[in-house]
Amino acid sequence: MRIEYFQLIDRIVDLNLADRKITCEATVPTDCTIFEGHFPGYPLMPGVLLIEAMAQTSGWLVVAANEFKRMAFLASVKEAKMRTFVLPGQVLSISSHLEHEGSGYAVLNAKIRCDGKVVSDATLTLRILDFPNNQVAKEMRKLAESIGLKIEARADG
Amino acid sequence: MSDTLEAIANIIAETCDIPRDSITPESHAINDLGIDSLDFLDIAFAIDKAFGIKLPLEQWTQEVNDGKATTDQYFVLKNLAVRIDELVAAKGA
């Protein structure tokens with residue numbers, strides 16, 4: 001994770017468009033200013049950042065499902081649960097399943113596991129909109145490639 | 001009230017916490033019931049699931065923005081019910 005850049009996903013482990021699923025991995029940093037305040041002497045990964053990690057994971061799935069022609073934006077979070085504390089240094093497996101893709105929106109069920117145990121889950125709605133311009137589209141592709149999203153392999157599911 | 005209209009009214013009542021008896025066939029989802037675009041996504045999801053369709057919200061919005069249609073055609077509930085029936089029929093064709 002590069003929390004200071006709001007990049008909460010380290011790499012995409014699996015993208016299966018046929019099953020409309022994605023799994024990403026992220027390691028919570030051990031040294032981050034966030035932990036100086038959350039909480040002093042008792043560092044815990046903030047729940048809102050776990051939600052953001054699920055949103056980013058879900059977003060990559062939606063972007064890939066739309067063949068990088070459109071962008072995804074978090075619109076609503078439902079039934080978000082933070083089931084246990086997440087600590088600095090822990091490795092997270094973040095998965096998301098595209099339950100429904102409507103016209104201009106998608107509903108996804110996301111989960112975060114740590115050592116095989118679910119630590120957080122939520123149902124997310126993302127809006128699907130055109131990229132604001134070509135430069136943003138290009139930057140998003142570059143970011144996708146940096147975390148291992150193999151765009152050319154997407155048709156294989 | 002048709003079955004479709006009844007189903008839509010129930011979905012709106014449950015999704016947006018609007019009293020069921022205040023929802024009529026003449027109600028405009030946006031202008032009368034005060035449903036915003038985010039809440040309408042929840043309604044669209046519930047309708048898509050209930051009827052096994054995909055409401056073409058983006059196409060409708062584009063038509064309204066282009067002046068080719070009015071919001072009444074899609075968001076007055078009796079008209080929305082007709083659109084849904086058409087989509088269901090097209091799916092089965």
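**Exercise 1. Check the length of helix α2 of chain A against its residue count.**

Solution. Start with the definition: helices (H or I, at least four residues) and strands (E, at least two) are DSSP runs, numbered from the N terminus. The expected span of a helix is 1.5 Å times one less than its number of residues. α2(A) has 19 residues, so at 1.5 Å a residue it should span 27 Å. Its end C-alpha atoms are 27 Å apart, which agrees.

The model is predicted: local features need pLDDT of at least 70, side-chain atom pairs count only at pLDDT 80 or more, and totals for chains, interfaces and linings use all residues. Residues are numbered from 1 along each chain as its sequence is written, while chains are lettered from A and ligands numbered from 1 in the order in which they are written.

**Exercise 2. Decide whether α2(A) is mostly covered or open, and find what follows the helix.**

Solution. Apply the burial cut-offs. A residue is buried if 20 or more other C-beta atoms lie within 10 Å of its own, exposed if 12 or fewer, and partly exposed in between; C-beta atoms are placed from the backbone. By this count 14 of the 19 residues of α2(A) are buried, and the helix is mostly covered. Next, step past its end. Then comes A:F68, in the loop between α2 and β3 of chain A. A:F68 is not a glycine, yet its phi is positive, about 60°. With 16 other C-beta atoms within 10 Å, A:F68 is partly exposed.

**Exercise 3. Give the strand order of the open sheet in chain A and name its edges.**

Solution. Two strands pair if DSSP finds at least two bridges between them. The six strands run in the order β1-β2-β4-β5-β6-β3 (chain A), with antiparallel pairing. The edges are β1 (11-16) and β3 (70-82) of chain A, each pairing on one side only. From one strand to the next the twist averages 25°.

Now place the helix. α2 (residues 47-65) of chain A packs on the sheet and touches β1, β2 (21-27), β3, β4, β5 and β6 (117-130) of chain A. Its direction makes about 50° with that of β4(A). Axes are lines fitted to C-alpha atoms, for helices over the stretch in contact, and angles run from 0 to 180 degrees between N-to-C directions.

**Exercise 4. Trace the pairing of β5(A) with β4(A) and β6(A).**

Solution. Take β4(A) first. Residues 91-101 (β4) and 105-114 (β5) of chain A pair in the antiparallel sense over eight bridges. A:S93 has A:R113 as its bridge partner, and A:I94 has A:I112. Three residues lie between the strands of this hairpin, where A:G104 takes a positive phi near 85°.

Turn to β6(A). β5(A) and β6(A) pair in the antiparallel sense over 10 bridges. The bridge partner of A:N109 in β6(A) is A:T123. This hairpin has two residues between its strands, and A:D115 in the turn has a positive phi of about 55°.

Finish with burial. Seven of the 10 residues of β5(A) are buried, so the strand is largely enclosed by the rest of the structure.

**Exercise 5. Find the residues with the most contacts inside the largest nonpolar core.**

Solution. A nonpolar core is a set of buried Ala, Val, Leu, Ile, Met, Phe, Trp, Tyr and Cys residues joined through C-beta atoms within 7 Å. The largest has 58 residues, and A:A53 and A:M54 have the most contacts inside it. α2(A) supplies the largest share of this core, 10 residues. Contact means that the C-beta atoms of two residues, placed from the backbone, lie within 7 Å. Not counting residues up to four places away in sequence, A:M54 touches A:I94, A:S96, A:A110, A:I112, A:A122 and A:L124.

**Exercise 6. Describe the side of chain B that touches chain A.**

Solution. Count both sides. The contact takes 11 residues from chain B and nine residues from chain A. On chain B, the elements that give two or more residues are α2 (37-51) and α3 (57-65). α2(B) gives the most, with six residues.

Then inspect α2(B). Its buried residues include B:F40, B:L41 and B:I43. The helix is followed by B:G52, whose phi is positive, near 65°.
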